[in-house]
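Please open the model in a viewer and keep the selection panel at hand.

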Amino acid sequence: MRKLLAIGAWRRNTLIVGALTAALTLSACAGGSAASSGQSDADVLIGKAECERNRSAGTITYVSGYGYSASAGQMDVFLAKEMGYFDALCLDVEINASGANGQQLVSSGQAQFTALGSASDVMLAAANSKNLTAVATYGSVSPFSIFANEDIKSLKDLEGKKLGYFINLTPTASAMLDAAGVDIAEVELIKMTNYDPTVVTRGQVDAIVGYASNQPQALKAMNLPFNEFLPTDYDIDGTYNVMEANSAFLEKNREVASDFMRASLNALNYCLENDDKCVDMISKLAEENNQGSAFPKDQQERTWSVESQWVTSEPDLLPGVQTTDQWQREYELVKKYGNVKKLPPIEDMMDDSLVADLYQDGELVWPGK
């Protein structure tokens with residue numbers, strides 16, 4: 001498994017990990033719903049030549065980074081399939097909802113697209129993963145936070161205390177601790193296996209590096225006292241969710257990849273305007289595919305209420321559009337805190353025009369619209 005299983009690492013359900021593990025196994029390769037959307041050629045919105053081109057690409061497999069989560073780069077793919085947007089562009093899309101090994105599958109050509117939690121996850125994996133190109137970034141806010149029990153008034157208070165983390169500490173968290181003047185040698189780092197956020201409020205650990213839209217939101221819903229520290233508190237920029245494509249597939253089928261992203265972003269735009277409907281749909285799909293207990297509707301509502309704001313966090317960038325400038329400060333953090341020997345140039349890790357070219361006059365171009 002790759003060094004960072006980004007989205008899956010921090011978005012684990014806070015209280016029912018066992019149910020999630022079983023559900024992910026049962027729902028691997030789920031197609032978005034129990035039945036196909038039933039679209040016919042009468043519903044196709046593109047010309048015959050474009051349709052034949054897209055169909056000739058064969059099955060396009062997308063690996064969800066974290067099951068049926070109500071997150072950009074995930075929910076929109078599920079709903080693009082559910083609402084017939086892929087069918088309208090003659091795309092045969094299969095969804096692997098297992099939430100694991102996405103980068104490995106895409107890198108090896110067994111899948112074509114997968115989502116990661118941030119650009120730093122792409123960068124950290126770049127030294128070990130080949131044949132991957134980032135094609136979309138969904139926001140300009142770091143999704144990470146450090147949440148702590150109420151006795152921790154500042155990050156400096158973590159000296160002599162226990163700080164939990166999943167997989168690794170993350171460059172963003174390291175930068176936050178450094179900016180707060182924390183002597184990391186004085187902090188006891190604990191690798192967590194329990195995703196229950198109440199271990200913080202109950203004092204089993206003093207703080208955890210988590211995902212701001214998940215565990216802290218669960219604590220708020222339970223009305224439990226805690227303190228949360230965000231990267232923005234320390235003037236640290238970041239990025240939210242990145243879509244990666246198989247580089248060889250992208251080079252050979254650029255127009256097909258463009259239409260995959262066009263359909264996904266069309267669903268994303270719908271969800272930004274119809275929060276309740278999309279949360280209802282993704283929660284229903286989770287239930288139909290044995291992930292209902294892992295992704296209950298109330299959790300999905302909390303997740304999307306936060307993450308939808310991240311999508312629109314950068315007014316100068318349309319949803320999914322990415323630039324080297326957007327990644328630059330995070331790139332510097334990875335170089336300083338990521339413990340990597342050689343980091344490829346940003347330009348080598350991303351395609352900054354694929355999604356940008358889908359927009360015209362600030363609007364996503366959708367056939368027939």
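Predicted model: local features only at pLDDT ≥ 70, side-chain atom pairs only at ≥ 80, totals over all residues.

The chain exposes about 14,800 Å², of which carbon and sulfur atoms supply 46%. Colouring by secondary structure shows 16 helices and 12 strands. Of the contacts between residues at least 6 apart in sequence, 84% join residues at least 24 apart.

Next, select residues 254-273, helix α12, together with residues 275-288, helix α13. Their axes come within 5 Å and cross at roughly 120 degrees; α12 and α13 are therefore oblique to each other. On the α12 side, display Tyr270, Cys271, Leu272 and Glu273, which meet Asp275, Lys277, Cys278 and Met281 of α13. The residues of this contact comprise 5 nonpolar, no polar and 3 charged.

Now turn to the aromatic rings, which form 10 pairs in the structure. Select phenylalanine 144 and tyrosine 211: the pair is edge-to-face, with 5.8 Å centre to centre and 80 degrees between the planes. Because phenylalanine 144 lies in strand β5 and tyrosine 211 in strand β8, the pair ties together parts that are 67 residues apart in sequence. Both residues are buried.

Proceed to tyrosine 240 and tryptophan 310, an edge-to-face pair at 5.0 Å centre to centre and 65 degrees between the planes. Tyrosine 240 belongs to strand β10 and tryptophan 310 to helix α14, so this pair links parts that are 70 residues apart in sequence. Tyrosine 240 and tryptophan 310 are both buried.

Finally, select Phe86, Phe113, Phe249 and Phe260, which form one aromatic cluster.

Key:
Residues numbered from 1 in each chain as written. Heavy atoms only, no water. Helix = DSSP H or I, 4+ residues; strand = E, 2+ residues; numbered from the N terminus. Contact = heavy atoms within 4.5 Å. Areas by Shrake-Rupley, 256 points an atom, 1.4 Å probe, with all protein chains shown as cover. Axes fitted to C-alpha atoms, helices over the stretch in contact; angles between N-to-C directions. Parallel < 35°, antiparallel > 145°, perpendicular 65-115°, else oblique. Nonpolar A, V, L, I, M, F, W, Y, C, P; charged D, E, K, R; others polar. Phe/Tyr/Trp six-rings, centres within 6.5 Å; stacked < 30°, edge-to-face > 60°. Buried < 20%, exposed > 50% of the residue type's maximum accessible area, 1.4 Å probe, protein only.
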